[in-house]
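Here is a friendly briefing to read beside the model. Please keep the 3D view open as you go through the points.

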Amino acid sequence: MALSPQWLDELRMRTTLSAVIGRTLRLTKAGREFKACCPFHNEKTPSFYVNDEKGFYHCFGCEAHGDAIRWLTDQRGMPFMDAVKELAAEAGMEVPAPDPRAAQRAEKRASLHDVTAAAQEWFEGNLRGAEGAQARQYLGRRGFSDATIREFGFGYAPEDRQALKRALSRFEEPMLIEAGMRIRIEDPGSRSGAGKEPYDRFRGRLMLPIHDTRGRVIAFGGRILDSEANPKAPKYLNSPDTPLFDKGRTLYNLHRAAPASRQSGRMIVVEGYMDAIALANAGIGEAVAPLGTALTENQIELLWRQVERPILCFDGDNAGQRAAMRAISRALPMLRPGHSLSIVRLPAGLDPDDLLREQGVGALEDLLARAASLLDTLWEFEKASAPLDSPEEKAGLKARLLDHVDSIQHPDIRALYKRELLERFSAFAFPPRPPRKFRPRGEWKKGGIRQPAPTLSPDARDSLTRAMKGGARDAFTRAVIAGLVKFPDQILRHEEALSDLARRDQNVGPALDSLLEAAETLDLSAQSTISLERGLPAPPEKAHFAFLDEGTDPGDAREDLAEAVSLLVERPALESALAEATARFERDPEGSIAEQARLRERLLALNERLKRFGRRKAAADGESDA
C-alpha cells in the first residue's frame with residue numbers, strides 16, 4: 001500500500017500531537033509548547049518538548065525527533081501501517097486502498113535512491129584518491145575542516161564522460177538518466193537519438209550531495225574546478241528535476257539545519273550551498289540555501305515550519321539584493337500573523353563566506369542580531385531603486401509601495417503595511433519645517449542700549465496680512481491671530497501648539513510661522529508689539545472676542561486667548577482622528593462606526609463652543625435674561 005505525501009501531511013495536520021503523546025507521558029505546559037522528561041533516555045531535568053503547531057517532538061538531550069507516526073512506531077513499537085490506521089481512525093480519515101501503480105512508483109523511487117546513494121559513495125571515494133588532489137586543494141583554500149568535509153559528504157567527479165557509467169554498471173542506463181546522473185543526447189535526425197551515447201552530467205567538478213528532509217541523497221551539486229579549461233561551463237551545476245528532486249520544494253541542508261534551529265531559535269537562508277557550509281564550518285549550523293532559483297513559496301512554507309521569522313542573508317552585491325526583493329515579493333501574499341521574514345544586508349561586494357574569512361564570525365553574528373524587518377527592507381529598497389528628485393518620481397515611489405501592499409492577502413496585515421508605508425512616504429515627501437532657532441532675550445541690545453524691535457520680513461508681513469484679511473478659514477481663526485498680534489508675549493507660551501497647528505493646516509501655517517518669527521525678535525519683557533509698516537487690518541468683530549476688546553482686563557484677555565488657542569488646535573486634531581477612524585472601516589467596521597460617532601459628537605460640541613466663545617459677559621447675561 002502506497003500513501004501519498006499529501007495524504008500523510010493531511011493526517012499529521014488533523015492529529016494533535018500532544019494528545020497522542022499525553023496518553024503515555026505526562027506533559028507540562030511550557031509557553032506555546034509542552035515539556036517532559038524524555039522517554040527515550042534517562043534524565044532528571046525535562047529536555048523533551050512537544051510542539052503542536054509544528055507537529056513534532058524533539059529531545060535536546062538525545063536528539064530524538066519525530067511526528068505522531070514516529071512516536072507510535074518508536075515509543076510504542078507499532079508497525080508503520082498500524083500506526084497510520086490508528087491515527088486515521090481517530091482523525092476520521094479513510095486509509096487509501098492499495099494502488100498498484102502507486103506501489104510501482106514507490107518501488108521506482110526506492111531504486112533511484114539506490115542510484116544516488118551509490119553515486120555519492122563513488123564521488124566520496126574519488127575525492128580521497130589521486131584524482132581528487134585538485135578538489136582537496138580547493139577545499140583547503142576555503143578553510144573547510146576535515147570534519148566539515150566528511151559531514152557534508154564532499155566528493156569529486158572526474159573529467160571522463162563515461163566514468164560514472166562504468167562505476168555504476170549494475171544500474172541500467174535509463175535509470176541513471178532518470179536519476180539525473182547521465183544526459184541523453186537528442187539527435188535531431190533521429191526520433192530515438194540512436195547512435196549517440198549518453199554521457200555523465202557531472203565532470204571535473206567538486207561534488208556535493210543534496211538530501212531530503214529524511215537525510216537521503218536525492219540530487220547533487222557540482223562546482224567546476226578548472227574554469228579556464230572550459231570557460232563556457234557554468235560555475236555551479238545542479239541535478240535537474242527528477243522523481244526524487246524538485247528544486248523549488250527543496251532547501252539545501254534542511255535536514256541538518258532544522259535540529260540546529262530548534263536550539264538557536266533562528267533559521268538563516270543564504271544564496272548558495274557553499275555559503276551554508278561556510279557558516280556550519282564557523283559553528284552556525286542553522287543555515288539553508290535554495291538551489292539555483294529564487295526562494296519559492298514552497299520553500300518559504302518549509303522555513304515557517306521551523307521558525308516564524310527566518311533571516312535572509314544574501315550577498316551584498318546588486319544581484320543579492322534583487323534576490324532578497326524577489327523573496328520578499330513572494331512572501332508578501334503569504335504573510336500571516338506572527339510569520340514574516342528578516343533581512344540582513346551584507347557589506348557591498350561580500351558574501352557570507354567572504355565576511356567570515358575577512359572579519360570573523362563575530363561580525364556576521366552582529367549583522368544577524370540587527371536584521372531588518374521585511375517592511376523596513378521594502379521601504380529602503382524602493383526608496384533607493386530610482387531617483388526621487390521630482391514630484392513625478394516621488395509619486396512613482398508611492399505607486400510602487402501600494403502595489404506591494406495590494407499583494408498582501410491578510411486584511412489586517414495589508415492595512416497595517418499600508419498605513420506604515422504611507423506615513424513613511426508622507427514624512428519623506430512632505431518633510432516637517434526645520435526647527436526654529438530662538439534668539440535669547442536681550443539680543444537686540446547694542447552697546448548697552450536696547451534697539452527697536454525689527455519689523456517683519458516682507459514675506460512674513462504678507463502672510464500675516466492675508467490671514468487677518470480673510471485668508472484664514474473662519475472668523476475665529478482670524479481673531480486668534482489678531483489676539484496674538486495684540487499680545488505677542490503669548491506666542492512663545494503656546495509655541496508647541498501653534499507649531500503643531502501650522503503643520504496640520506496649510507491655510508494658517510504661513511501666518512503662524514510669521515508670528516513665531518516675530519516673537520523671536522521681540523523684547524517681551526518690555527511689552528513690545530509686532531510692527532507692520534503699513535499697519536494691521538481690522539480684526540473681526542470685537543464684541544464676540546473679549547481678548548480683542550480694549551476694555552477687557554489684560555490678564556483676563558490673555559487667559560481668554562489661551563483658551564482660544566487650545567480650541568483652535570483641538571479642531572484639526574479631531575478632524576484627523578475622524579479621518580483615521582473612517583479609514584479603519586474596511587478591517588474593523590463596528591469599531592470604526594462607533595469611533596466615528598464619538599468623534600463627530602465631540603466635533604459638533606467643539607463647533608458650538610467656538611460659536612459662543614469669547615462673548616462679553618454682559619452680552620451673555622443679557623441674552624440669558626431675555
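Predicted model: local features only at pLDDT ≥ 70, side-chain atom pairs only at ≥ 80, totals over all residues.

Residues are numbered from 1 along each chain as its sequence is written, and side-chain values use heavy atoms, with hydrogens and water left out.

**Overall picture**

- The protein has 25 helices and 18 strands, where helices (H or I, at least four residues) and strands (E, at least two) are DSSP runs numbered from the N terminus.
- Of its 626 residues, 44% are buried; buried means under 20% relative accessible area, exposed over 50%, and partly exposed in between, with a 1.4 Å probe and protein chains only.
- Among contacts (heavy atoms within 4.5 Å) between residues at least 6 apart in sequence, 66% join residues at least 24 apart.

**Nonpolar cores**

- In soluble globular proteins, nonpolar side chains tend to be buried together.
- A nonpolar core here is a set of buried Ala, Val, Leu, Ile, Met, Phe, Trp, Tyr and Cys residues joined through side-chain atoms within 4.5 Å.
- The largest nonpolar core holds 59 residues, and Phe 154 and Tyr 252 touch the most other members.
- Helix α5 (residues 100–128) contributes the most to this core, with seven residues.
- A second, separate core has 40 residues, including Phe 314, Ala 324, Leu 388 and Ile 413.
- Leaving out residues up to four places away in sequence, the contacts of Phe 154 include Leu 127, Phe 144, Ile 149, Leu 208 and Met 274, and Glu 124 and Thr 148 are also among them.

**The second largest pocket**

- How much space lies in the second largest pocket? The value is about 610 Å³, a volume being the space filled by probe spheres set on grid points that are joined across faces, edges and corners.
- On a 1 Å grid over the protein atoms alone, a pocket is an open set of points where a 1.4 Å probe fits, with protein on both sides within 12 Å along at least five of seven lines, and lining residues have an atom within 4 Å of a point.
- There are 18 lining residues, and the closest to the pocket's centre are Ala 415, Lys 418, Arg 419, Leu 422 and Ala 583.
- Helices α17 (391–406), α18 (411–429) and α23 (554–583) each supply at least two lining residues, and α18 gives the largest share, eight residues.
- By type, the lining divides into seven nonpolar, two polar and nine charged residues; Ala, Val, Leu, Ile, Met, Phe, Trp, Tyr, Cys and Pro count as nonpolar, Asp, Glu, Lys and Arg as charged, and the others, Gly among them, as polar.

**Helices α12 and α13**

- In helix α12 (residues 297–304), the buried residues are Gln 299, Ile 300, Leu 302, Leu 303 and Trp 304.
- These buried residues pack against α10 (254–264), β12 (268–269), β13 (287–288) and α13 (318–331).
- Gly 320 sits in helix α13 and is buried, because its relative accessible area is 0%.
- Beyond its neighbours within four places in sequence, Gly 320 is in contact with Glu 271, Phe 314 and Asp 315.
- Gly 320 and Leu 346 are 26 residues apart in sequence, with 9.2 Å between their C-alpha atoms.

**Single residues to look up**

- Most residues other than glycine have a negative phi.
- Asn 253 is not a glycine, yet has a positive phi of about 75 degrees.
- Asn 253 is placed in the loop between β11 (236–238) and α10, and counts as buried because its relative accessible area is 2%.
- Is Arg 170 buried or exposed? Arg 170 counts as exposed because its relative accessibility is 61%, and its place is in the loop between α8 (163–167) and α9 (173–178).
- Met 81 lies in helix α4 (residues 80–91) and is partly exposed, at 23% relative accessibility.
- Ile 183 belongs to strand β7 (residues 182–183) and touches Pro 198, Tyr 199 and Arg 201, not counting residues up to four places away in sequence.
- The C-alpha atoms of Ile 183 and Arg 201 are 5.8 Å apart, across 18 residues of chain.
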